[in-house]
Amino acid sequence: MAWVEELEASVKGIAESVGKSVVAVGGGRGSRGSGFVIEEGKVVTNAHNLWEGQSIDVTFGDGRTERAEVAAADVDGDLAVLTVKTNGSPALSIGTSTPTGTPVFALSNPSGRGLRVTFGLVSAQEQAFHGPRGRKIAGALEHTAPLLPGSSGGPLVNAAGEVVGINTHRLGEGFYLSIPANDELKEKLAKLSKGETPKRPHLGVALAPPRVGKALRRAVGLPPAEGLLVREVEEGSPAEDAGLKEGDLLIKANGSDLSDIESLFDVLEPAGKTLSLTILRGSEEMTVEVPLPN
């Protein structure tokens, strides 16, 4: 049973070397997730752990709680960096790519109730999930280290204590996804730490999937059509400026059919300064040009 003793020693070692850097991220409604120190005065977490208009508290392993501010957030990448007094808590080192089969440890401080450390293996590469606003986040690392609710934003580390991922998404059935550690992640975190928010084309609509649009059109006696139903138009957004309205059905973007929400994102990213949308408003088809801010 030597391997059991080795595993026990590894878990204890990781808890001692990495645990001081793992925090709970919470606020007015209690803890929402976890995070970890990436440099003096900076903590990284998932963007979905932040609620607009709510204060943010960061609770460290010793029970100390500090008020934090958002340095910058990449909502579509589900990353955020917080500015907070870390008081010498060590920064974790961001590693590089991790092969399938690598032993890993997931750390968290769910609801500020203290450190949790679990063990698993990297089970797959290049997985995908959808971020807080529905954009696909590709390249995720799949692993089997169990995560409690409130663990998202915590680090996934290797046996050397290097961060190999940021835990983000629970697949169920014992599998979990992490944003992988690589040069791209290091660059993103460096920019967020400096307060630089990434700029992506933003249309400003809440959308329902095609099945919802079909059902609604059928319910009001309109012919069926494939597209994305506009449920809400954000005030002051490019969509509002272009005249889009709740109930419009988006059927094409720059000439490409919109079979799902991801197909809109695929067109939106390289769209340039203007996005040409073909829409159905009731039974009338029309084209709307949406200027996209730089």
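Predicted model: local features only at pLDDT ≥ 70, side-chain atom pairs only at ≥ 80, totals over all residues.
**Entry 1: Glu-126**

I looked up Glu-126 and found it in strand 8. I took strands as DSSP runs of E with at least two residues and helices as runs of H or I with at least four residues, both numbered from the N terminus. The phi angle of Glu-126 is near 50°, a positive value in a residue other than glycine. Its relative accessibility is 64%, so Glu-126 counts as exposed.

Residues are numbered from 1 along each chain as its sequence is written, and side-chain values use heavy atoms, with hydrogens and water left out.

**Entry 2: Asp-78**

I then turned to Asp-78, which has phi near 55°, a positive value in a residue other than glycine. Asp-78 sits in the loop between strand 5 (65-74) and strand 6 (79-83). Is Asp-78 buried or exposed? Asp-78 is buried, with a relative accessible area of 3%.

**Entry 3: The aromatic pair**

I searched the whole structure for aromatic pairs and recorded 1. Phe-105 belongs to strand 7 (residues 103-108) and Phe-119 to strand 8 (residues 116-130), so the pair ties together parts that are 14 residues apart in sequence. Phe-105 is buried at 2% relative accessible area, whereas Phe-119 is partly exposed at 35%.

**Entry 4: Salt bridges**

I counted 10 salt bridges, each being a side-chain nitrogen of Lys or Arg within 4 Å of a carboxyl oxygen of Asp or Glu.

In one of them, Asp-248 and Arg-281 meet at 2.8 Å, N to O. Asp-248 lies in the loop between helix 4 and strand 15 (249-253) and Arg-281 in strand 17 (residues 274-281), so this pair ties together parts that are 33 residues apart in sequence. Asp-248 is buried at 2% relative accessibility, and Arg-281 is partly exposed at 27%.

Salt bridges with shared partners join Asp-62, Arg-64 and Glu-66 into one network. Within it, I read 3.2 Å, N to O, for Glu-66 and Arg-64, both of which are buried.

I also noted Lys-188 and Glu-184, whose closest N and O atoms are 3.6 Å apart. Both residues lie in helix 2 (residues 183-193), 4 residues apart, which is about one turn of the helix. Lys-188 is partly exposed at 30% relative accessible area, and Glu-184 is partly exposed at 48%.

**Entry 5: Helix 5**

How many of the 8 residues of helix 5 are buried? I found that 6 of the 8 residues of helix 5 (residues 261-268) are buried, so this helix is largely enclosed by the rest of the structure. The buried residues are Glu-262, Ser-263, Leu-264, Phe-265, Val-267 and Leu-268.

Technical notes
Buried < 20%, exposed > 50% of the residue type's maximum accessible area, 1.4 Å probe, protein only. Phe/Tyr/Trp six-rings, centres within 6.5 Å; stacked < 30°, edge-to-face > 60°.
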